[in-house]
Amino acid sequence: MQPKIMMRKKSISASKASLVLFLCQMISALDVPLDSKLLEELSQPPTITQQSPKDYIVDPRENIVIQCEAKGKPPPSFSWTRNGTHFDIDKDAQVTMKPNSGTLVINIMNGGKAEAYEGVYQCTARNERGAAISNNIVIRPSRSPLWTKERLEPNHVREGDSLVLHCRPPVGLPPPIIFWMDNAFQRLPQSERVSQGLNGDLYFSNVQPEDTREDYICYARFNHTQTIQQKQPISVKVYSTKPVTERQPVLLTPTGSTSTKVELRGNVLLLECIAAGVPTPVIRWIKEGGELPANRTFFENFEKTLKIIDVSEADSGNYKCIARNILGSAHHVISVTVKAAPYWITAPRNLVLSPGEDGTLICRANGNPKPNISWLANGVPIAIAPEDPSRKVDGDTIIFSHVQERSSAVYQCNASNEYGYLLANAFVNVLAEPPRILTTANKLYQVIADSPALLDCAYFGSPKPEIEWFKGVKGSILRGNEYIFHDNGTLEIPVAQKDSTGTYTCVARNELGKIQNEVHLEVKDATMIIKQPEYKVIQRYGQVSFECIIKHDSTLLPTIIWLKDNDALPDDERFLVGKDNLTIMNVTDKDDGTYTCIVNTTLDSVSASAVLTVVAAPPTPAIIYARPNPPFDLELTGQLERSVELSWIPGDENNSPITNFVIEYEDGLHEPGVWHYQTEVPGTQTTVQLKLSPYVNYSFRVIAVNEIGRSQPSEPSEQYLTKSANPDENPSNVQGIGSEPDNLVITWESLKGFQSNGPGLQYKVSWRQKDVDDEWTSVIVANVSKYIVSGTPTFVPYEIKVQALNDLGYAPEPSEVIGHSGEDLPMVAPGNVQVHVINSTLAKVHWDPVPLKTVRGHLQGYKVYYWKVQSLSRRSRRHVEKKILTFRGNKTFGMLPGLEPYSSYKLNVRVVNGKGEGPASPDKIFKTPEGVPSSPSFLKITNPTLDSLTLEWGSPTHPNGVLISYILKFQPINNTHELGPLVEIRIPANESSMILKNLNYSTRYKFYFNAQTSVGSGSQITEEAVTIMDEGKMAMASRQVDIATQGWFIGLMCAVALLILILLIVCFIRRNKGGKYPVKEKEDAHADPEIQPMKEDDGTFGEYSDTEDHKPLKKGSRTPSDRTVKKEDSDDSLVDYGEGVNGQFNEDGSFIGQYSGKKEKEPAEGNESSEAPSPVNAMNSFV
């Protein structure tokens, strides 16, 4: 994880800014981009970037890899201790260290023994600026011991009594997962009456006769070594006593009336109560004196288990379970105490200082009991570390005063209590660097006149350099309100003029040196359209032209684009685009619309539009409908300070009544030549009273409107200058948003010229920190709409107001708005990250919210980065892109979907504000359980003989676990597609081929093949093959005579056909002569029974089908007479659980999923058969 470097300021004087450095692989929070060359030259103490977990359980069959990665400048060297003493890896041939890394590889697969390398390991990364250390990494090989041999006596139990079958698994590392099965590896059913306890024992609240069996088997699954151990089968015999005596509840576990339990903060709390009784008791849970926590409480094992996730100290208390049936109740109180291993309140952060500066390292942690804080310097307890006069330790804080370069070191903070410890490295890096300017020399900037110009001067140095700007070779230092100097060195000219053109010099200096850089500014004339396209009304099939004449800076190359209705011109040769005009030939109705001329240069863009109205050609004679003529004879009367009366005479309406008049005004004082909308009145009105603003030199004009369009504007009225006054209003849209962690940028929308109400328009900008008893700080500015307050604390609220004033006085008191100074990256990573694996493809992640004060900005949410480390079934690593899930707001949990079964994953969590992401939490490793495998990659059947076939197959592409076997099923298919008996063979998982013998010759077989993990069977693939025909029978068949090829048979059939033809001709002749041929009567009287509809058993033939009607039959069974196929009685096999063939184990050995119809259709072991009806006499078809 990349540590974040905090900022510190000098305490000597607020006027001397501190060195503000953030290292992102080296340094990253300066306002300037740092190039790679600069990064390579700066020194940095070591930082541990990756290490193995504190409690590291390894597979004793594989090489042990103990990770230790670090970075620094110069690159660090690595060393290790084992059990507190130096570990000399050069003396152990089985141990190697990866190049340019501290990661150890212990070769177990080539003769080493994992037990010999048990111990506590610690890595040290060291360079000339300090030493960082890893956590204590405890290496322990996993163990999966065999079950102790024991003689188990049968359990004889009376019906209705309670019973506990003890599992007592061998002690393994890590502890095994327990589940109960029978000797056919089928799960034993569990219910409210029969269930497995947290200790693995099987509890019967009351036994019933169906519980009698001899194969209760407890299995222990050791996931780390991928092994399953089996206890000797336990026999239970239930003898009946009628009637069964009802019993009130009695608790089987826990015993007594009270018990205690201690759980650690952030863990999952599991409380269990199992009761005996007849009828079976029902369990209910309550918390004495409080409520069970919402959203974190779950009930499992038929509500016998209370599960509370992510427990905290507030979850301490007494929890009562109540077992109840119709005869009474029993209860037990469990007193829960929640303790806490140490967790960070404020972890120390890397500190970068300049010589002579001050700073602090703070290490604060909490826990239950309160953790002890201790400091180390470069891996050595600070009490015996070399003295540093600039350093003073004060409990959980180290104070640095007037540091020097030799003060650079790596400090370790250790917070520990009886439940664990936290170790954090934080370096102090003292840098002394002369100024450097990173902006390209002689860079050219070009802007349009009256627009802002930003000249960059990206810099770096330690101490932080002072920046000065000069214009010209011998110019004086730039100062004044016409310039804005940004903290990142940028010079801003808010309103650049032609005389702003020239060469500007940026000078950066600190006590170690001085450097300068020149940039050049060119201010260009704005592009203008001096003759805009005008509104046109044109008759159909006429010609129209729009003009667009421009004026532009001679050094800029303009391009003109014409649009119709904001889209490209039609691809039509009637549209002719000239240098400064657009002509449309042979105008049609579809040419009606708005045409826009757009002029672009590399620096600016202007546009103008006009409407084209296409009208029908008038008949002869025709009434001409046109836009009205402009009004005339405008007159101003009744002049007052804030109003005036305007009157006019309408022009000719041109056969279309005037609907309304639009009045526009021009402010000759502030915006000469620009006309603004004032108001409009109905077409019957020729006088209007107009409201006026102070200090505006008004001229008015009137436009008449009818159904055809708008008239040309009238001639302007006489001018009328109103008196000056205080501003009536204040700027709008006042905002305060910081652009940097230490500033507040106050912006507003400036008043327009006529809103100033008088000369000398200025703005009084005031601010003060909210909720702090401070006076308002104010500044008066002009000709700007932004003011930057520097030196503010990071992300604090401010009260802001902006008031307008002119030479006559102030506007009314403005309203206050709340703004915030700039955000900075969050300081703290989310803590207590926990992962709960729900199933093989889904996990739930939880974390503690970070304190709001450490967010240092608007909390936007949390990001979870997760990625697959490796597949546990293949033991191969491949690069996988990290996936990111964002959870908005203050959410503290989320689901991770789409995981791959039986895989190892890592994740970390980061908090996000408006500035970006905070540091990542330590990587959390979690593993998904096994799933069912995919189908075998292929099945080939080769080498057929008289009685054997050779089968070859490929392992599943996605095993999703450890394969335990393959299942082969096959059955013969006869010539009528009926299926014979089904044969099943279980094949070891390490086999990839087999020879199937003792088959029938010349027989087609259908094969069904799938793989199995401990979770269940995967999907199957099918194949068909035929054995070779017996050569003796083939010879006998070849000697038989084909009767259809004999001459006498062919002649006989021809004679029969000829007789039938003659008979048909005679019948036809007799019928045409009126003779009667009573064939129909004979048919009705003597109906042939063989051509009646076949009723018996539907007269259908059995046939082979892959439809859902064909289910597997028991061996040797046939279809019942009612033609139904009964489902074979089935035990709860592993294959039948899950979605399709994807049945899975829970970690407790139980199954996930339900019966589903999504499995591939099972092969039928047999098929129904029925006798075929007698063939119909062929001759009847001719009658």
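This briefing walks through a few local features of the structure above: a surface patch, a sheet, some aromatic pairs and several backbone details. Please keep in mind that the model is predicted. A search of the whole structure finds 21 aromatic pairs, and two of them are described below. There is also an open sheet of four strands and a nonpolar surface patch of about 780 Å².

**Nonpolar surface patch**

- The patch of about 780 Å² is built from Leu1058, Leu1059, Leu1061, Ile1062, Ile1065, Val1066, Phe1068 and Ile1069.
- One of these residues, Ile1069, belongs to helix 4, which covers residues 1047-1072.
- Ile1069 has a relative accessibility of 41%, so it counts as partly exposed.

- The strands follow the order 40-47-46-43, and their pairing is mixed.
- Strand 40 (443-448) and strand 43 (466-471) are the edge strands; each has a single partner strand, so one side of each has no neighbour in the sheet.
- From one strand to the next, the twist averages 25°.
- Nine bridges join strand 46 (residues 502-510) to strand 47 (residues 513-524), and this pairing is antiparallel.

**Aromatic pairs**

- As a reminder, a pair of aromatic rings is described by the distance of the centres and the angle of the planes.
- Among the 21 aromatic pairs is the one between Phe185 and Tyr219: the ring centres are 5.5 Å apart and the planes stand at 90°, so this pair is edge-to-face.
- Phe185 sits in the loop between strand 15 (177-181) and strand 16 (194-196), while Tyr219 is in strand 18 (residues 213-222), so the pair ties together parts that are 34 residues apart in sequence.
- The two partners fall into separate accessibility classes: Phe185 is partly exposed because its relative accessibility is 21%, whereas Tyr219 is buried because its relative accessible area is 5%.
- Another aromatic pair, Phe970 with Tyr1005, is also edge-to-face, at 6.1 Å centre to centre and with 65° between the planes.
- This pair links distant parts of the chain, 35 residues apart, with Phe970 in strand 82 (residues 963-973) and Tyr1005 in strand 85 (residues 1004-1013).
- Both Phe970 and Tyr1005 are buried.
- Phe185 and Tyr219 also belong to one aromatic cluster together with Phe179.

**Backbone details**

- For context, most residues other than glycine have a negative phi, and most peptide bonds are trans.
- The peptide bond from Leu173 to Pro174 is cis, with omega near -5°, and Pro174 is placed in the loop between strand 14 (163-165) and strand 15.
- A cis peptide bond also runs from Asn368 to Pro369, with omega near 5°; Pro369 lies in the loop between strand 32 (364-368) and strand 33 (372-377).
- Asn378 has a positive phi, near 55°, although it is not a glycine.
- You will find Asn378 in the loop between strand 33 and strand 34 (380-381), and it counts as partly exposed because its relative accessible area is 25%.
- Tyr902 is not a glycine either, and its phi is positive at about 55°.
- The loop between strand 77 (893-896) and strand 78 (903-912) holds Tyr902, which is buried because its relative accessible area is 7%.

Conventions:
Residues are numbered from 1 along each chain as its sequence is written. This is a predicted model: local features need pLDDT of at least 70, side-chain atom pairs count only at pLDDT 80 or more; totals for chains, interfaces and linings use all residues. Side-chain values use heavy atoms; hydrogens and water are left out. Patches are made of residues with over 30% relative accessible area and no salt bridge: like charges are joined within 9 Å, nonpolar side chains (Val, Leu, Ile, Met, Phe, Trp, Tyr) within 5 Å. Accessible areas come from the Shrake-Rupley method with a 1.4 Å probe; for residues, only the protein chains shown count as cover. A salt bridge is a side-chain nitrogen of Lys or Arg within 4 Å of a carboxyl oxygen of Asp or Glu. Helices (H or I, at least four residues) and strands (E, at least two) are DSSP runs, numbered from the N terminus. Buried means under 20% relative accessible area, exposed over 50%, partly exposed in between (1.4 Å probe, protein chains only). Two strands pair if DSSP finds at least two bridges between them. Axes are lines fitted to C-alpha atoms, for helices over the stretch in contact, and angles run from 0 to 180 degrees between N-to-C directions. Rings of Phe, Tyr and Trp (its six-membered ring) pair if their centres lie within 6.5 Å; planes under 30 degrees apart count as stacked, over 60 as edge-to-face and the rest as tilted.
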